[in-house]
Each structure stands twice: as C-alpha cells, then as structure tokens.
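This report concerns strand pairing and helix packing in one model. The structure is shown first.

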Amino acid sequence: MARLFGTDGVRGVANSELTPDLAFKLGRAAALYFGREIKTPKIIIGRDTRLSGSMLEAALAAGECSAGGNAHILGVMPTPGVSFLTEEMQASAGVVISASHNPFEDNGIKFFSRTGHKLPDAVEDEIAALVATPIDYAKAPTGSTLGRIIEDRDRAQLYINHIVNSASYRLNGLKIVMDCANGANSEIAPTILRALGAHVIPIFHEPNGININNGCGSTHLEALQKKVVEVGADVGVANDGDADRCLVVDENGVAFDGDQIMLICALDLMEKKQLKDNVLVTTVMSNVGLAKAMKEHGGRCVKTAVGDRYVLEEMLKHGYKLGGEQSGHIIFADYAKTGDGMLTCVKLLGSLINHNKTLSQLGAMMKKYPQILVNVRVASKNGWEENEAIKAIVAKYTNQLGDNGQLLVRASGTEPLIRIMAEGPDQAELEDIAENIAEVVRKELA
C-alpha cells in the first residue's frame, strides 16, 4: 500500500483525492499525535491562494478541534512563513495547505514540527496510521474539552520583520520586477522589498483563487524576462505559489537557476568567513559547473539525494550553513528551517549591493554545463539497479565523462519511469550518451 505522505506532504486534486474528509482526519490525527506532549496542542494553519484552500482549512481546523486541539488560523501565508511562525508562536505544530508550484486544481497538506522543521518519515507514518484508524466518537472530547478555532490573521508582519532584519544591506537604488505567482507572497514580497528601499514593480500579484502559477512564477519565467527588459530593471525575482523557491532574471532578461544563485550566495558567505568549512550542500542534480566554480574559489560541494529534506538532513548533521536545489529551493540555516524564496532573494540582492556589480557580472563566475534529461517509460522499475546491462553502460559513460561531467540514472518516485541525466561540456556527446543508455533501458525493462 502506498504511503499517504509523499515527498512533500499529502497531495492530490482538491475535493477528489484530497477531500475535506481526508483533511478533517489529518487535522484530527495531528491533534492526537501532538496532543501526546501537551493536553491542548496549539496548531497553526497557513495556506496559499488556491480556491480550495479555505475549504480544506475549515475541514482541517474542525478535525483538530474534534480531538481537543486549538487551531490558529493564519490565513494566506507562505510556507517559510508558517515554518518560522511555528517556532515563533511556540506552537505544537504548523500546517501548510498548498501544492507549491502545481496547478490550482491540486492542493496539499504538510506539517512542521514545533521547531519549524518538516516531519521525518516515521512521524508522518504515525500520523497516517491515526488517519486510518476508525474514529470512536464515544471516546471523543465533548463540552469544554473541545478545541477552539482562533483567528490569528495578523501574524504576517512578524515574518516580514524577520526577513527584513536578516538583510545585511539596504536595497536602495535597485529596480526590481517581482513575480509573485499570484500566490502566497502576493502582498508580502513587495512589502519586504520596499521596506529595504527597493523600487518594486510587482507582477502576477492579484490572486483570484484559480490563477496561481498560471503562466507565471518560478516555473514560467517568460513574462518576467520580458518585463525586466521592458522596464529596464536591475533584476527580476520569481517565487512559486507557496514562496519556498526563488529564481531570478538578470538585467538582460537571462534566467538564473538555483545553482547560480547558490554559488553567488556561497561565495559571499565565504568572503565573510561565514560558510562553515567552505561547504555548499547540493543534490546530485546540481550542475557540474557549480562544483567546479566552488573548487576554483576554495570551496567544495557536498552532494545528497534529490529532495530538500536530504539537503537539510546533511546540513543539520554537520552544521553546514547553506544548501539547496537547482529548482531554487535554498536553505540558509542561520535564518530558516526550510527553503525561503524571499530570504534567498534578499541575500542574493545583498550580494549585488555588496560587490557593486550587476547580476550578469556575478553570474559569469559559473560556467553552466549543458544538461540532457531523458525519461524512459518501463513496465516495471523493480530490480533495475541490479540489471547488468544497465550497470555496464552507465559505468562506461561515467568513465568517459570523468571529472568534466556527470551521469545520473534513477527511478522516478511516482511514475513507472527511469530518468537519465547526462551533463558535460559537449551537447552532442550528451545526446548520444543519454539515447544510448535509454535504448538499453528500453530493451531490458520495457
């Protein structure tokens, strides 16, 4: 049986897969689980701007109250804001209702511990087991032991102040186009940048419930690129729907991914002697150009499996200060427990001010190597790693690329696919490598 929780909470089409009934059970299970530590657990709830958000918020809060927990309603709040406020408000747990960069029809529910960290798999599985347990209303709280729903919709300023106070430099003189993805940061992002002195031109900042991520945000940079050039901005910034990611566009309209952002921020921290062991934590999907640039400047990359939770685990284990993913999900450990789009934005823009350079000039520090991605649909992923023919061809091309590239072959976590990523200096060579491996995978697993 598949796990209820995926890699980033419980996801599904709202009111079809992620139903109010399931949201109620998740709220009830969370109150029961976190109520083991305190008689009346305090659980805060934030959401993005999806049409289904308020429906799921109501169901989730009702579930919490039915098990004796108090539900504090934050309203629209970015994911990193909920993470921050969970600890700041001394809550037992935090909940975000969001499907991040997905279309508006989807939604999701994910939890944070009292420290603002995402829950480990084992805790999610315990909550899932409580969800699956039939409700015995004969033993449910009644009367004065029921929980309360408490409106706490004025907490955004606490989060805004936190991000503003994390900035090392004022942004006076910078003209910034801010793409809010019609999402959770539609009001917060422009407020933060203006508080730091920037001239802000917001776009996609008028959510209506169905336009979140629609042709905008960190997964659709085309409109931002066009607007930056049109208005002569210094930089364009894009969040995704729940604002835990940040991608940027330079003054020429050229898009930067998370690898390029991480390099600029890592080197800035190294210069200030604030990057522990001069280490940047990345995933195996990060561009080889990032590792080479770090090495050239006296730093190094430590790689983890794909997923921000693995990046964070490595950072916590060794006390590393900066890590993230190519997608723009970047963690600054001194200020946040999860990826934070506006924290990343403020730190990156501070580097521009600090060095008095344009974003294109800073971006030139990294040579981005071509990357080929091929997905092969297979009959079954079972045992693919032990297939001798696949192992042999992967080993062959890994040796061929050597230190000038990398090869990653892995199974999709959600679909019957084998994903092939080849990276190196020669595009044509990469295409041949990826297709040759794909051919063997098809022959062996189709």
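Strand 10 (residues 246–249) and strand 11 (residues 255–256) run antiparallel and are joined by two bridges; strands here are DSSP runs of type E with at least two residues, numbered from the N terminus, and two strands pair if DSSP finds at least two bridges between them. The model is predicted, and local features need pLDDT of at least 70, side-chain atom pairs count only at pLDDT 80 or more, and totals for chains, interfaces and linings use all residues. Residues are numbered from 1 along each chain as its sequence is written, and side-chain values use heavy atoms, with hydrogens and water left out.

Strand 10 also runs antiparallel to strand 9 (residues 235–239), with four bridges between them.

| Hairpin | Residues between the strands | Positive phi |
|---|---|---|
| Strand 9 and strand 10 | six residues | Ala-243, near 65° |
| Strand 10 and strand 11 | five residues | Gly-253, near 85° |

Cys-246 of strand 10 is the bridge partner of Asn-239, while Val-248 is partnered by Phe-256 in strand 11. Cys-246 and Val-248 point one way from strand 10, Leu-247 and Val-249 the other way, and all are buried, that is, under 20% relative accessible area (1.4 Å probe, protein chains only).

Helices are DSSP runs of type H or I with at least four residues. Helix 1 (residues 20–34) packs against helix 2 (residues 53–66) at an angle of about 40°, their axes being 6 Å apart; axes are lines fitted to C-alpha atoms over the stretch in contact, and angles run from 0 to 180 degrees between N-to-C directions.

Note on methods
Buried means under 20% relative accessible area, exposed over 50%, partly exposed in between (1.4 Å probe, protein chains only).
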